[in-house]
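Dear colleague,

Please find below the sequence and the structure that I am handing over to you. My notes on what was found follow directly after them.

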Amino acid sequence: MNRLIDASFVTYYPVQETTENLKIETGDGAAHRQAHVKGYGAHTAVYYMLLGQQGAERGPPCVRCKGTCTGFQTHSWRKWCGLCQCPREDHSLPTEVEEDHRIGQLLSDTRYSGLTARVKGSEGARVYKRNRMIITNPITSRKDPTFLTVTYEWAPPGLNQKLAMRYMELIPKKLQPVAGTEGAHYRRLQLVKQLPVHDYDPKYCKGLMEGEKPIMEAHVEKIKENRALPCSAKQEEKDPNATKTTNSAAEEPVDRTDYLCEFCQQLMPADAPAVYADRAGYKKQWHPACFVCCQCREPLVNLIYFWKSNRLWCGRHYWESERPRCTGCDEIIFSEHFQQHDGKTWHTEHFSCAGCEQSLVDGPYVLDSALLLCSTCSRSRAAH
């Protein structure tokens, strides 16, 4: 029988069982800018300076720039470093505590808040209860017995030890979230990319105009209830004589043994974990490595998915299917007035040169590898 990993099950199942070599542990803004671009006159140069001014915050140096960036310097509205123009995630990633608080906020005030825990001493703040898995293997080849401990920074909840390890074996080794490895870094990076905190928390938004915050908050609440589904899991064995009530309230038999993966269309092994999405129903199942976003084809981090048009979406691409995203600040655009070019969109006030920050609303510009440049900066970039 397939063991179903439910990517949307609402009850939290901490794994209590332990063996000699395995145990699973469970754990419990800047003010937005409100300047309007209405016209350009004698104060234009001053406006441009304020629009692109750098903040005082400094962070770790960029790992991509190999020493040329001395430390992350906050831009007043872009999500990149003011020194090297690389994104923040190339300098540092949120801590595990920050990750769990952000996911907790995404799931709070929804029917999935059972996957979170209240933060003591806070006013309603919640933190995501993330499963970690620790494997301790004895090394008997040495004179004095020692142990090799491997920690998985995330593991699907609701599975016993054997199935949790089987799940990990079914995803590429380079993506397995073992602490201190490329896979662990990849998981944390995908959390930033797939679930940008500025998509659902207004305090991280710098592109909201006056009056747009309530619009964003209402939109977020609607999506959290109707679309966003949490990362949880459940071990379940199918009873040939049972029926399952789906979201549509129709009963469907669950005695089938010939399920195909929705992504690769290959047969689902009967003795291996299978991922399913509650909104899709039991008829749709995925291999652990095939549970991916329909747009970017990246594995859905922590099994967090959005469901729309009978397809799986990561948070980033789901939001972009609902409203345009500003290429300049990476935030969702809630205004009905914005700039468009070559399939990309910008807040009107962010339609400016990435080099000198001057507005390009009424002037010539060049789109160079998603960078919006004025003619002068484009020539200078080409010369170097």
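**The second largest pocket**

The lining of the second largest pocket consists, by class, of 15 nonpolar, two polar and one charged residues. Please bear in mind throughout that the model is a predicted one. The pocket in question holds about 270 Å³ of space. Its lining is made up of 18 residues, and those nearest the centre are Tyr167, Ile171, Leu175, Pro299 and Leu300. Two elements each give two or more residues to this lining, namely helix H3 (161–169) and helix H4 (182–194). Of the elements, H4 gives the most, with three residues.

**The largest cavity**

The largest cavity has a volume of about 40 Å³. The residues that line this cavity are Leu106, Gln194, Leu195, Pro196, Asp199, Tyr200, Phe306, Gly315 and Trp319. Sorted by class, they comprise six nonpolar, two polar and one charged residues.

**The chain as a whole**

The protein chain contains seven helices and 18 strands. It has 384 residues, and 47% of them count as buried. The accessible surface of the chain amounts to about 19400 Å², and carbon and sulfur atoms account for 50% of that surface.

In soluble globular proteins, nonpolar side chains tend to be buried together. In this model, the largest nonpolar core has 53 residues, and the members that touch the most other members are Met168, Trp286, Phe291 and Leu312. Several elements give two or more residues to this core: helices H2 (96–107), H3, H5 (213–226) and H6 (315–322), together with strands S7 (131–139), S12 (273–276), S13 (305–308) and S14 (311–313). The largest share comes from H3, which supplies five residues.

Which residues does Trp286 touch, not counting residues up to four places away in sequence? They are Cys261, Glu262, Phe263, Met268, Ala274, Val275, Tyr276, Ala277, Ala280, Phe291, Trp307 and Leu312. There is also a second, separate core of 15 residues, which includes Trp80, Ile333, Phe351 and Leu372.

One of the residues touched by Trp286 is Val275, and Val275 is found in strand S12. Is Val275 buried or exposed? Val275 has a relative accessible area of 0%, and therefore counts as buried, the cut-off for that term being under 20%. Val275 and Cys290 are 15 residues apart in sequence, and their C-alpha atoms are 8.9 Å apart in space.

**Two buried loop residues**

Cys62 belongs to the loop between S3 and S4. With a relative accessibility of 5%, Cys62 is classed as buried. Which residues is Cys62 in contact with, leaving aside its neighbours within four places in sequence? The contacts of Cys62 are Gly67, Cys69, Cys84, Cys86, Asp90 and His91. The C-alpha atoms of Cys62 and Glu89 are separated by 8.8 Å, while the two residues are 27 residues apart along the chain.

Gly207 lies in the loop between H4 and H5. Its relative accessibility is 1%, so Gly207 also counts as buried. When residues up to four places away in sequence are not counted, Gly207 touches Glu212, Glu331, His347, Glu349 and His350. Among these is Glu349; Gly207 and Glu349 are 142 residues apart along the chain, yet their C-alpha atoms are separated by 8.6 Å.

**Two residues with a positive phi**

Two further residues deserve a note on their backbone angles. Lys66 is not a glycine, but has a positive phi of about 55°. Lys66 is located in the loop between strand S3 (54–58) and strand S4 (73–75); Cys62 lies in that loop as well. Is Lys66 buried or exposed? Its relative accessible area is 72%, so Lys66 is exposed, a term that requires a value over 50%.

Ser369 is likewise not a glycine, and has a positive phi of about 50°. Where is Ser369 placed? Ser369 sits in the loop between strand S17 (366–368) and strand S18 (371–373). With a relative accessible area of 65%, Ser369 is exposed.

Yours sincerely

Notes
Residues numbered from 1 in each chain as written. Predicted model: local features only at pLDDT ≥ 70, side-chain atom pairs only at ≥ 80, totals over all residues. Heavy atoms only, no water. Helix = DSSP H or I, 4+ residues; strand = E, 2+ residues; numbered from the N terminus. Buried < 20%, exposed > 50% of the residue type's maximum accessible area, 1.4 Å probe, protein only. 1 Å grid on protein atoms, 1.4 Å probe; cavity = no way out; pocket = protein on both sides within 12 Å on 5 of 7 lines; lining within 4 Å. Points joined across faces, edges and corners; volume = space filled by probe spheres on them. Nonpolar A, V, L, I, M, F, W, Y, C, P; charged D, E, K, R; others polar. Contact = heavy atoms within 4.5 Å. Core = buried A, V, L, I, M, F, W, Y, C linked by side-chain atoms within 4.5 Å. Areas by Shrake-Rupley, 256 points an atom, 1.4 Å probe, with all protein chains shown as cover.
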